[in-house]
Amino acid sequence: MTTLLPPTLLQWLLVTALLVATVMLVALVTQRAVRHRRERRRAELDERLRPLVLEASIAEDDEVDALLARVRALDGEEREHVGRTVSSMLRGITGEAADRLRALADASGLAPRVIAAARHRDPVVRADVAEALGLLAPEGALALLLELADDASADVRTVAIRALGAFDEPASVDRVVAALAVDSGIPTSVAASALLQQGSAVGDRVRRALEDDDPGVRRGAARVAGLLQASGSGDALARLVADEHESVRLAAMRSLERMPVRDAVPALRAAALDGGTIGEAAARALIAMPGRWTADALAQIGAEAEPGVRRAAGLPRAAASA
Amino acid sequence: MNGRILVVDDDRDIRDLVAIKLESAGLEVETRADGSEALQAASDGEWSVIVLDVMMPGMSGIDVLRQIRDRGDRTPVILLTARGQEKDIEAGFAAGADHYVTKPFSPRALLARVTAALG
Amino acid sequence: MSWLHDTLEAIFAVIAWPAAMYFVLANTSMLVLVLLAARHFARYLRRSEHRGEDAMAASPLSLGVSVIMPAYNEAAVILTSVRSVLDLRYPDHELIVVNDGSTDDTLRLLREGFGLVPDERDLPGRIPARGALRGVWRSPDPAVPLLVVDKENSGRSDSINLGLDLASKELVVMVDADSILEPDALLSVSKPFADDPERVVATGGVVRIVNNSRVQAGRIVDIRMPKELVTRIQVVEYLRAFLLGRTAWSDLNALILISGAFGMFRRDVLVEVGGLDADSIGEDFELVMRIQRWIRHGHRECRVEFVAEPVSWTEAPSTLKVLARQRRRWHRGLWEVLWKYRGMLLNPRYGRVGMLALPYYWLFELFAPLIELVGIVLVVLGLLVGAVHPGMALLLLIVAYVYGTIVTLAAVLVEEASFHRYERWRDMGATLWAIVAESLGYRQLTAIWRIQGWWAGLTNRAQVWGEMTRTGFAEASDAPAASAASAAGGQPDRRD
């Protein structure tokens with residue numbers, strides 16, 4: 001007979017297993033019960049406080065103070081709920097209503113709390129702060145965001161740069177442009193989107209960035225230039241079509257699709273004939289330009305370029321024409 | 001101001017903010033939270049203007065609009081589209097929208113749009 | 001019967017302890033994966049406030065995505081599916097439907113529904129495709145970025161390859177026409193690419209089971225637990241293996257399987273490695289293995305990442321017959337891919353993929369059903385003839401099933417703390433019953449099917465080899481079986 005284990009040990013094993021399973025079951029049920037209770041509590045608070053927040057969003061100038069006083073008179077849990085509701089609503093709206101809600105966030109104590117937590121030990125909290133600063137834009141938010149944009153945690157830096165998109169002051173624009181650099185540790189799409197969000201205020205800065213030494217900055221600026229229709233950036237974009245870095249060339253070509261520049265045609269033609277991803281991007285830029293500029297280039301592409309590039313240039317397949 | 005406005009958005013915040021702003025101007029407002037409810041409401045009632053979100057789970061705003069127009073209903077429709085979704089605007093006009101407002105939007109500007117649509 | 005008694009006793013003396021160790025190890029490694037995933041979720045959810053997906057959705061700078069949807073006789077759902085993909089929340093995506101020689105109205109519905117016009121543009125031809133092209137159609141409306149490729153029937157993989165050839169964006173994602181997509185699916189799955197465009201080459205998201213949930217116009221509107229027990233068990237299985245298992249492997253940078261029902265790839269890399277292998281039954285698994293090998297051959301900085309967000313919902317088999325077919329196919333695919341890439345097994349050159357993930361898949365996935373079934377047969381026989389002490393049988397039972405149940409319970413606990421998609425108390429009861437029921441019959445049944453699939457792979461391979469010497473290249477002799485399985489609702493995916 002194969003026995004091997006003393007029966008008492010087996011019993012212990014089994015009992016332990018059942019105990020563990022029971023504890024897990026209890027944890028499962030408790031977790032859900034607690035969550036449901038919290039949800040119910042929030043729903044209750046919401047029913048009472050939501051009308052107040054909504055009323056504030058349409059308040060006339062002379063009604064604001066009274067509303068803010070009402071918020072200040074609420075207890076801690078209620079004010080916290082007001083802060084939460086305001087944050088959620090601010091994601092959807094701008095203008096006067098947003099200004100009113102921001103005042104409410106201030107009165108609820110949310111904005112002061114956010115500012116106070118800007119130097120919290122936990123990077124997750126600091127990232128949340130950066131996010132909230134962009135949304136609530138309280139006094140001093142810009143200075144704090146510039147500080148958080150140099151945070152030790154890459155996560156915090158990224159959120160701060162994204163939040164800076166809501167501020168078009170020169171210091172903010174400069175910081176966002178610097179974040180385009182290759183070794184900034186910030187995703188280029190985040191920095192470039194922030195720059196784009198800063199809008200027409202950045203035109204001059206983008207033009208200069210097209211000549212920057214850092215390829216990341218050139219790439220980001222090249223990508224944004226076309227979307228912003230940054231006037232006077234055409235020559236620089238045409239030059240960047242032949243940049244030493246592939247990603248810069250691609251970005252310039254994407255912008256040229258929206259902002260045609262005649263001087264770029266020869267470089268685009270050469271790139272298209274070289275083929276590959278770059279060649280396809282070049283072909284797409286070419287067909288977005290007026291036909292009288294590009295007729296020769298397209299004819300040559302039709303005769304010599306690889307099929308992928310011909311497709312990008314909208315040229316028919318040989319079999320179809322034959 | 002007189003008028004019955006139907007506001008459709010799956011986001012409760014937006015629904016409430018738009019509703020209170022329009023109501024403050026004296027308009028009568030009803031809200032719906034999804035596409036199929038919106039279609040039902042559109043066929044059940046007479047509306048002066050419909051404010052319609054594009055991005056909703058289930059039926060999208062564009063689909064709702066298309067079906068409303070297919071029924072021959074010419075009620076003015078203002079679409080709420082997200083920033084960056086320019087293609088929604090093109091698709092929206094193709095489906096018969098009258099105006100669009102991009103999110104995040106100013107409720108005040110939206111009210112002005114609605115007022116203009118009321119004629 | 002004493003010879004049987006003696007033989008079994010002898011066998012048992014040798015294998016009892018290794019067998020016990022095996023089950024302890026199998027369940028412990030799964031438990032470790034679950035705990036790793038729990039840690040991942042704890043961090044991930046804390047960051048949910050500032051992940052910035054709204055900003056990404058609003059930015060025209062987000063990477064472009066080509067969605068490739070192969071379609072074989074999908075007339076019933078094709079228009080809804082196409083609309084739901086076009087309506088996904090994403091700033092820049094196009095859809096390429098590949099009509100794989102459908103014999104129904106799929107193509108006509110698309111042409112009429114979207115007023116398609118012929119697209120005569122040249123074809124890149126970067127990926128060799130087998131199915132002869134019949135034509136390319138595109139939408140004339142710039143607001144509807146839709147391309148429809150019509151071709152002779154040649155299977156899902158080949159269809160996707162043809163779609164890949166015509167894709168024009170930086171990223172590609174493969175979806176099935178009958179999958180229900182989350183509105184934010186493209187955003188979630190492309191997020192790692194946006195964060196690290198130089199290094200992330202492939203991502204996958206969570207596939208969940210749609211049975212019994214309410215679906216409207218191609219979107220899920222009310223999540224419900226499936227009705228049948230066999231489907232409920234699969235919900236738990238998916239949770240443990242897909243959600244938690246893959247999250248953990250991704251954190252270990254050793255993810256070798258992402259679901260073909262929603263996998264996203266950098267297009268240049270996918271083209272470079274040659275697209276899907278049209279001969280493989282486990283084509284999704286095969287592709288990720290090939291990419292992992294590519295990464296270890298000169299692209300070490302690159303990685304494959306899993307996104308723990310639900311992205312797509314798929315119909316799971318609700319009858320044993322269909323389930324059996326699916327599991328046979330999955331296990332056969334598993335075997336063929338593991339065998340094909342056996343050179344990477346325990347090869348330090350392949351890092352954690354070779355030293356950790358592959359050994360795990362060989363030992364605890366491929367061999368698991370065999371070891372489990374042999375164990376059951378031996379223990380039952382041994383108990384009958386008195387060659388096995390009941391204590392030993394009990395020990396094996398504890399390490400194999402009770403421990404396994406606890407591991408699954410841990411997975412459910414993590415889900416409850418993180419996504420909690422099934423909110424009704426009733427659903428919790430159903431889940432708990434499914435956890436227990438999985439050990440009582442389900443696992444044993446699937447073990448049988450999995451061995452059948454493995455066997456089919458072993459025997460058929462020899463056959464294909466035999467043919468190859470004559471015809472040069474065997475036109476996948478298993479193609480009818482595979483397409484029958486997918487036609488009957490088999491999943492283009494397999495269990496971890």
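Is C:Asn73 buried, exposed or partly exposed? C:Asn73 is partly exposed, at a relative accessible area of 28%; buried means under 20%, exposed over 50% and partly exposed in between, with a 1.4 Å probe and protein chains only. This is a predicted model, in which local features need pLDDT of at least 70, side-chain atom pairs count only at pLDDT 80 or more, and totals for chains, interfaces and linings use all residues. Residues are numbered from 1 along each chain as its sequence is written, chains are lettered from A and ligands numbered from 1 in the order in which they are written, and side-chain values use heavy atoms, leaving out hydrogens and water.

**View 1. Positive phi at C:Asn73.** Although not a glycine, C:Asn73 has a positive phi of about 50°. The residue lies in the loop between strand S1 (65-71) and helix H3 (78-86) of chain C. Helices (H or I, at least four residues) and strands (E, at least two) are DSSP runs, numbered from the N terminus.

View 2. B:Pro104 sits in the loop between strand S5 (99-103) and helix H5 (107-118) of chain B.

**View 3. Contacts of A:Leu268.** Leaving aside neighbours within four places in sequence, A:Leu268 is in contact (heavy atoms within 4.5 Å) with residues including A:Val241, A:Met253 and A:Met289.

**View 4. Positive phi at A:Ala137.** A:Ala137, not a glycine, has a positive phi of about 45°. Its place is the loop between helix H6 (123-136) and helix H7 (141-148) of chain A. A:Ala137 is partly exposed, at 35% relative accessibility.
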